Amino acid sequence: MIGALLSSFLVFICLGVPVAIALGGSSLLYVMLEDTTPHLVVVHRMMAGVDSFPLLAIPFFIMAGSLMNSAGITARIYDFALALVGWLKGGLGHVNVVGSVIFAGMSGTAVADAGGLGNIEIKAMRDHGYDVDFAVGITGASSTVGPIIPPSLPLVIYGVMANVSIGQLFAAGLLPGLFMAGTMMAMVAWYAHVRGFHRDAVFSWIVLGHTFKRAFLPLMTPVLLIGGMTSGVFTPTEAAIAATAYALVLGLFVYRTLTWRGLVRVSMETVETTAIVLLIVAGASIFGYVITTTKVTDQIADLVLSITSEPWAVLLLINVFLLVIGCFMETIAAITILVPVLLPLVVKIGVDPVHFGLIMVLNLMIGLLTPPVGMVLYILARVANISFERTTKACAPFLVPLLISLGAVTYWPEMVMLLPNYFYR
């Protein structure tokens with residue numbers, strides 16, 4: 001019966017059926033063949049899967065990132081990052097990373113980073129004589145910081161599926177995100193040394209102060225969100241609403257760069273994206289229910305532990321598995337399907353669910369830069385106007401700092417758990 005469930009799901013995927021329908025359809029087929037569970041359970045479990053207060057954060061985080069892009073706020077962030085680190089050798093490469101770190105505290109998605117800041121960064125690097133492959137590579141790598149540094153849409157989904165505090169997950173992502181930025185800036189410095197990159201700006205306190213003043217209000221977004229959540233002023237879900245309201249105020253009334261027509265467009269894009277995400281969550285809810293009730297998760301855990309019970313080896317196997325999955329499956333779908341399968345296993349070897357959430361999300365962020373399904377690759381290919389194959393090759397060298405970061409996140413749990421333990425336990 002489980003073979004019928006999994007094989008039908010794979011057949012649906014190979015036929016190009018949308019993931020949400022493949023999940024729900026294969027689960028319905030299992031219930032019909034099993035013939036002991038009422039068919040209405042499929043509908044009830046799907047409805048229960050999306051009937052969750054934390055999931056309200058999804059449309060608001062999506063809308064906040066889109067508003068930041070549409071209101072021209074990304075340009076202010078870029079100018080400040082240029083004044084801050086543009087004087088280093090390979091300056092615009094460093095600017096790329098720093099800009100993504102700042103924007104990560106507003107959007108929570110890699111796609112918004114690549115499509116918003118990426119458009120500005122790649123054009124600027126081309127204008128300053130940088131090789132387009134280098135520009136595309138560092139832009140793709142830096143965009144993966146978005147879902148690690150809070151707020152983060154994938155961490156919200158993981159928290160709902162794993163029944164883990166989203167506030168703790170957000171706190172856990174801050175230091176790993178900064179570590180990722182450091183490894184990428186080290187890679188840029190190495191490229192600058194080998195290729196003789198120049199400095200792209202002269203450091204000036206006056207320019208830094210001016211750009212900081214222009215970007216001050218957007219820069220306060222991460223302070224507002226993280227400070228509000230850690231101090232208990234509002235929950236992560238309410239933080240998403242606060243981010244959207246703040247972006248609306250900046251775009252409509254402070255900078256007046258967001259038109260009402262643009263607001264309607266952003267709203268419709270948010271509705272469309274949210275509907276897709278929640279449909280996947282609904283489909284995965286019944287899929288996960290079937291897998292859990294049939295004890296498949298326990299059997300998988302026993303199988304892996306029969307091979308090795310060493311925590312480091314189990315985590316290595318899981319990382320390899322997730323990296324492969326990331327090549328073929330969209331992030332939200334992978335999280336909703338695999339959390340019920342893998343979480344019982346990692347709990348058995350003593351890994352904190354919050355720590356595992358960062359491991360899973362970082363693996364799947366690396367998957368955004370790997371073919372054939374890497375969403376960021378498609379966006380960068382369109383932004384840079386180059387082929388998908390060339391974009392893939394351009395991003396390949398920058399997988400090195402990301403894999404180093406993955407190793408650190410996996411085997412240095414103290415870094416991940418420092419802030420959650422300090423603020424929440």
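**Close-up views of a predicted model**

View 1. Asp 127 and Lys 123 sit four residues apart in helix H7 (residues 110-127), about one turn of the helix. This model is predicted. The two side chains form a salt bridge. Their closest N and O atoms are 3.1 Å apart. Asp 127 has 55% relative accessibility, so it counts as exposed. Lys 123 is exposed too, with a relative accessible area of 53%.

View 2. Asp 133 pairs with Arg 390 in a salt bridge. Here the closest N and O atoms are 2.8 Å apart. Asp 133 belongs to helix H8 (residues 132-143) and Arg 390 to helix H19 (residues 388-395), so the pair ties together parts that are 257 residues apart in sequence. Asp 133 is partly exposed, at 25% relative accessibility. Arg 390 is also partly exposed, at 35%.

View 3. Arg 214 forms a salt bridge with Asp 79, and the closest N and O atoms are 3.4 Å apart. This pair links distant parts of the chain. Arg 214 is in helix H11 (residues 205-230), Asp 79 is in helix H5 (residues 73-85), and 135 residues separate them. Arg 214 is partly exposed, at 29% relative accessibility. Asp 79 is partly exposed, also at 29%. The count of salt bridges comes to four.

**View 4. Leu 377 in helix H18.** Leu 377 lies in helix H18 (residues 375-384). Its relative accessible area is 0%, so Leu 377 is buried. Beyond its neighbours within four places in sequence, Leu 377 is in contact with several residues, including Leu 368, Pro 371, Phe 388 and Cys 395. Ala 114 is 263 residues from Leu 377 in sequence, yet their C-alpha atoms are 9.2 Å apart in space.

**View 5. Helices H15 and H16 side by side.** H15 and helix H16 (residues 331-348) pack at an angle of about 170°, and their axes are 12 Å apart. Therefore H15 is roughly antiparallel to H16. From H15, Val 314, Ile 318, Phe 321, Leu 322 and Ile 325 take part in the contact. They meet Ala 334, Leu 338, Leu 342, Leu 345 and Val 346 of H16.

**View 6. A nonpolar patch on the surface.** Trp 312, Leu 316, Val 320, Val 324, Phe 328 and Tyr 411 form this patch. Together they have about 630 Å² of accessible area. Helix H15 (residues 311-328) gives the largest share, five residues. Val 320 lies in H15. Its relative accessibility is 47%, so Val 320 counts as partly exposed.

Technical notes:
Residues are numbered from 1 along each chain as its sequence is written. This is a predicted model: local features need pLDDT of at least 70, side-chain atom pairs count only at pLDDT 80 or more; totals for chains, interfaces and linings use all residues. Side-chain values use heavy atoms; hydrogens and water are left out. Patches are made of residues with over 30% relative accessible area and no salt bridge: like charges are joined within 9 Å, nonpolar side chains (Val, Leu, Ile, Met, Phe, Trp, Tyr) within 5 Å. Accessible areas come from the Shrake-Rupley method with a 1.4 Å probe; for residues, only the protein chains shown count as cover. Helices (H or I, at least four residues) and strands (E, at least two) are DSSP runs, numbered from the N terminus. Buried means under 20% relative accessible area, exposed over 50%, partly exposed in between (1.4 Å probe, protein chains only). Axes are lines fitted to C-alpha atoms, for helices over the stretch in contact, and angles run from 0 to 180 degrees between N-to-C directions. Angles under 35 degrees count as roughly parallel, over 145 as roughly antiparallel, 65 to 115 as roughly perpendicular and the rest as oblique. Contact means heavy atoms within 4.5 Å.
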